[in-house]
Amino acid sequence: RKERGERLRVKVLVECDRGRAAEQQSDKDKGKPLSQRNNSFASTSYHHQTDDMSQSSSLRGSDPTARALYKKIHVIENGFKQAAEALTVIQRTETKMAARRIGFAQQLQLYGEEETPGVRRALATMAASINRIEEHRQTRTNQMEGHVLDVLQSYEAKCKAAKHEVSERERLKEKLVHRQKALERVQTREPLNTAKINHAKVDLAGANSECAQADQTMLDNMIRFEREKLNNLKAMLTEMIVGDMNFHARSLEVLTAAHEAISFINTDVDLRDMLVINVDPQHQQHMQPQQQQQQQLQAQPSFDE
């Protein structure tokens, strides 16, 4: 009686919370059009339905074994699904960032065409390095999509098949219970009808055999499913680690060459080239006699010498 009262109290509290949430949602929807109100109500009801479905999927089952299996399958399905969604977001973000880096490399190369030769070579090498790194990144993304993302997404169908096997075992368990009740009913109502009793016993033995076979099949399938999951998880993590190491190693080689290309920028030489380019020819002709006089004065011996 105490447990029943506690469950009733919890149920009332949950209903009150949902009522408050519905009232708050209705207050928010007062200034919205009808279509948006329906969408918000649909989204709210959808979240409640998904929560109820997730709770029921982990609690249903005629025995502790079935409930434990349902819960295990639900945890694997939900975890792999969320991991696949997060990885998809990462790849989408990486694709956008790659396009921006390539655009940055193009801008560097365009700007370098208007600079001095040393700066031009350094910027061209830097732009080529960025493009090579993005090529390696794209290769890494394709590998992740083929070896990790596809495996994560495949577990939705695998978990569905595993749930079907558990539900098939549940159906055979219910069939066994019905055959047991049918035998007891025949023995109670017609105790002298041996033919009917023997037929019910044969049906019960067949249902019991089917149940035992289903238990063994489900146990073998779950062991195979768990072994395959562990092997796939190990392979995916190994692929991610080795792939990242290869990507960073190749990127380090490219960046090392780009760092060496910075030595092409010589401040004195570039300033001299800039002065040669920017000096007016008439002004340069006027300055040549003065430079020659200074060179002659420097070449004459001094009084002390």
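Tutor: Let's start with a definition: a residue is buried under 20% relative accessible area, exposed over 50%, and partly exposed in between. Keep in mind that this is a predicted model.

Student: Why is E77 called partly exposed?

Tutor: E77 has a relative accessible area of 22%.

Student: What makes E77 and K163 a salt bridge?

Tutor: The cut-off is a side-chain nitrogen of Lys or Arg within 4 Å of a carboxyl oxygen of Asp or Glu. For E77 and K163 the closest N and O atoms are 2.8 Å apart, and the pair forms a salt bridge. E77 sits in helix α3 (residues 64–112) and K163 in helix α4 (residues 117–189), so this pair ties together parts 86 residues apart in sequence.

Student: How do you know that D215 and R169 meet in a salt bridge?

Tutor: Their N to O distance is 2.6 Å, to be set against the limit of within 4 Å. D215 belongs to helix α5 (residues 194–261) and R169 to helix α4, so the pair ties together parts that are 46 residues apart in sequence.

Student: What makes D215 and K173 a salt bridge?

Tutor: The side chains of D215 and K173 meet at 3.8 Å, N to O, and the definition asks for within 4 Å. This pair links distant parts of the chain, with D215 in helix α5 and K173 in helix α4, 42 residues apart. K173 is partly exposed, at a relative accessible area of 24%.

Student: Which residues are joined into one network?

Tutor: E94, R101, E134 and R137 are, through salt bridges that share partners. The structure holds 15 salt bridges.

Student: How many disulfides are there?

Tutor: The count comes to 0 disulfides, where a disulfide would need a pair of cysteine sulfur atoms within 2.5 Å.

Student: Why are C159 and C211 called buried?

Tutor: Buried means under 20% relative accessible area. C159 has 0%, so C159 is buried; C211 has 3%, so C211 is buried.

Notes
Residues are numbered from 1 along each chain as its sequence is written. This is a predicted model: local features need pLDDT of at least 70, side-chain atom pairs count only at pLDDT 80 or more; totals for chains, interfaces and linings use all residues. Side-chain values use heavy atoms; hydrogens and water are left out. Buried means under 20% relative accessible area, exposed over 50%, partly exposed in between (1.4 Å probe, protein chains only). Helices (H or I, at least four residues) and strands (E, at least two) are DSSP runs, numbered from the N terminus.
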